Amino acid sequence: MTQDVWVIAEHFQGRLNDITRELIGKGRELAQAVAGKLVAVLLGSETKSLISELAAVDAVLVADHPDLREFTAEAHSLALETALKDAPPRLVLMGSTSVGLDLLSLLSARTALPCLDNCTKLEVRDGKLFTTSQIYGGKVFAEVAVAETTTLVAVVPGSFPKSETEAMGRPEVHEIPLPASLPEVRTKFRKLIEPPPGDVDITQSSVLVAVGRGIQNADNLAMAEELAEAMGGAVCASRPVIDQGWLPLTRQVGKSGMTVKPKLYLALGISGAPEHWEGMKNSELIVAVNTDPRAPIFAGAHYGAVVDALDLIPALTEEVRKANMKKAS
Amino acid sequence: MNIAVLTKQVPDLVEGVEIDSTGKAVDPESIRYILSESDDHALEEALLLKERTQARVEVFSLETGEVRDSLCAALAKGADRVVIVATSADAPPSNHTAAKIFASVLQGLSFDLILTGVRAIDDLDGSLGGLLAGYLNLPYVGLVRKVEMADGTSMAVIQKEYPGGFAAELEVKLPAVLGVQAAEQPPRYVPVSRLRQVMKTASLEEKDAAPVEAEIVEVVRMFKPEEGAGAAILSGTPEEVARQMVDLFAERRLVR
């Protein structure tokens with residue numbers, strides 16, 4: 001095993017995802033601390049143009065293969081297994097994303113290498129590696145001492161700042177040798193499904209009234225709509241509200257939903273699980289309302305109130321209307 | 001067609017969780033267990049497939065928490081068979097261990113599809129579905145929101161969620177393991193009377209799992225986020241809080 005740190009470069013429609021730059025930034029710091037090299041692993045088909053965007057690493061491992069054109073956990077795992085056999089590194093970093101999440105566990109079982117998910121902190125203390133993961137919806141942190149063996153780690157997007165790619169180096173490029181046809185790939189990509197059109201584009205709203213489990217039932221959504229209307233904003237929601245079918249997928253904020261950056265994000269009855277936080281953390285002003293004083297949303301919000309959202313919404317709608325009237329007169 | 005659904009119990013976060021005296025695990029005494037949310041969706045998707053294809057649905061659950069209640073609910077909803085997988089461990093096992101246990105239980109049984117929730121709130125070492133697929137050498141797709149059968153029972157056409165509202169349509173040769181994020185419709189409810197009836201008459205099968213050895217991760221400590229860190233708290237009645245909020249919004253010209 002080398003002391004190298006690998007970063008799985010995630011890309012979509014010809015562009016590197018933010019998580020890749022975040023991992024390169026953190027990976028550089030870790031590689032220095034353990035005296036290893038920082039290596040980007042670029043899997044795909046006809047992705048050579050992305051190599052120039054990976055100038056901040058020491059080396060790039062490339063697998064350019066038709067079976068890797070679109071992501072399938074099986075094919076990507078096979079390519080990584082080949083690379084790992086050759087020169088296993090200290091750490092393999094990937095995003096805890098739609099891609100990384102599938103890859104992490106499949107690869108871990110197939111290679112018998114340990115893996116960690118939901119990681120938000122990585123550090124080296126006295127020469128030892130530690131990770132911290134957010135579990136129980138962000139209500140508990142688990143610190144883990146990383147074993148002295150190649151370890152796969154999936155990092156929650158947004159946990160680390162993006163690296164500056166302007167740092168121009170000339171990383172060595174190595175090919176991962178793969179057979180012309182990958183053996184036993186039983187998963188095949190058919191097509192990309194675009195987000196459903198129509199409805200409100202919540203990414204364009206400067207004020208978002210966001211509702212979570214605390215809204216309790218579909219009937220209470222009307223109150224949130226009234227508040228949003230008074231504020232000139234739109235209603236969006238966390239995952240549980242969407243899964244109940246109370247609002248369409250286009251209103252979902254978080255991991256597999258939208259990423260939003262409004263001037264105001266008013267989180268009503270949302271606990272603030274990491275998957276949700278990921279989609280709204282860059283909002284200019286975050287105001288959170290939850291009955292649980294220990295709800296993780298308060299840790300990152302600018303302002304908070306420990307009241308029942310269902311009591312607050314009508315009161316707030318009335319106050320906003322009063323303020324609007326005053327302004328108008 | 002045979003579908004296996006793997007479920008587990010997780011702490012109900014509404015009740016809160018406390019760290020135990022070792023500082024390295026949650027205190028089981030502080031926990032009320034419920035069925036993991038995405039497992040509930042996996043079961044729902046399996047039941048939808050049963051309605052469309054007359055598939056047989058068997059639910060396997062590790063013996064943690066109030067597993068009997070949720071397995072009776074699964075029977076009441078339409079599962080054909082439920083099995084409690086007994087483990088010798090006191091605490092809920094890691095996902096690597098759970099995946100090895102399920103792999104040993106499922107090995108040799110003939111299932112076309114194995115569905116489980118894509119993630120649970122206590123996942124620390126990857127997702128159960130991906131690990132199981134790795135151990136059984138089956139294909140795996142996670143974050144699934146729709147499953148349809150194609151070509152008889154030899155292939156499934158599935159939708160996998162991508163960020164930003166995108167999704168991928170994939171085809172996968174069966175048998176395969178799928179990690180379900182959300183079923184095509186919200187999980188169905190069971191009338192209490194029906195559940196009571198099932199609880200009176202149901203026979204819950206038990207299977208002993210052989211001991212397994214899996215990669216484990218060493219938790220050094222568990223801790224809760226500091227209370228009061230972060231947000232400036234606005235206090236008072238809902239009306240008082242509302243007035244303070246409107247002042248904040250006005251300062252930032254967020255009210256018209």
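**View 1. Helices H4(A) and H8(A) are roughly parallel to each other.** Angles count as roughly parallel under 35 degrees, roughly antiparallel over 145, roughly perpendicular from 65 to 115, and oblique for the rest. In this predicted model, local features need pLDDT of at least 70 and side-chain atom pairs count only at pLDDT 80 or more, whereas totals for chains, interfaces and linings use all residues; side-chain values use heavy atoms, without hydrogens and water. Residues are numbered from 1 along each chain as its sequence is written, and chains are lettered from A and ligands numbered from 1 in the order in which they are written. Helix H4 (residues 221-231) and helix H8 (residues 309-328) of chain A pack at about 25 degrees, with axes 9 Å apart. Axes are lines fitted to C-alpha atoms, for helices over the stretch in contact, and angles run from 0 to 180 degrees between N-to-C directions. Helices (H or I, at least four residues) and strands (E, at least two) are DSSP runs, numbered from the N terminus. Residues of H4(A), including A:Leu227 and A:Ala230, meet residues of H8(A), among them A:Ile313 and A:Val320; contact means heavy atoms within 4.5 Å.

**View 2. A:Ser283 lies in a loop of chain A, between helix H6 (274-280) and strand S16 (285-289).** The residue is buried, with a relative accessible area of 5%; buried means under 20%, exposed over 50% and partly exposed in between (1.4 Å probe, protein chains only). A polar atom of the A:Ser283 side chain lies 2.7 Å from the backbone oxygen of A:Met280. Leaving aside residues up to four places away in sequence, A:Ser283 touches A:Val260, A:Lys261, A:Pro262, A:Tyr265 and A:His302.

**View 3. Helix H4 (residues 128-136) of chain B is mostly covered, with 9 of its 9 residues buried.** Among these buried residues are B:Leu128, B:Gly130 and B:Tyr135. The covering elements include helix H3 (100-111) of chain A, together with elements of chain B such as strand S1 (2-7) and helix H3 (95-106). B:Asn137 follows H4(B) and has a positive phi, near 50 degrees.

**View 4. Chain B is assigned domain 1 (2-208) and domain 2 (225-256).** These bounds come from an automatic or database domain assignment. The C-alpha centres of the two domains of chain B lie 41 Å apart. Chain B holds 6 helices and 13 strands, and 56% of its 256 residues count as buried.

Terms used:
Polar contact = N/O pair within 3.5 Å; in protein donor to acceptor, adjacent residues only side chain to side chain.
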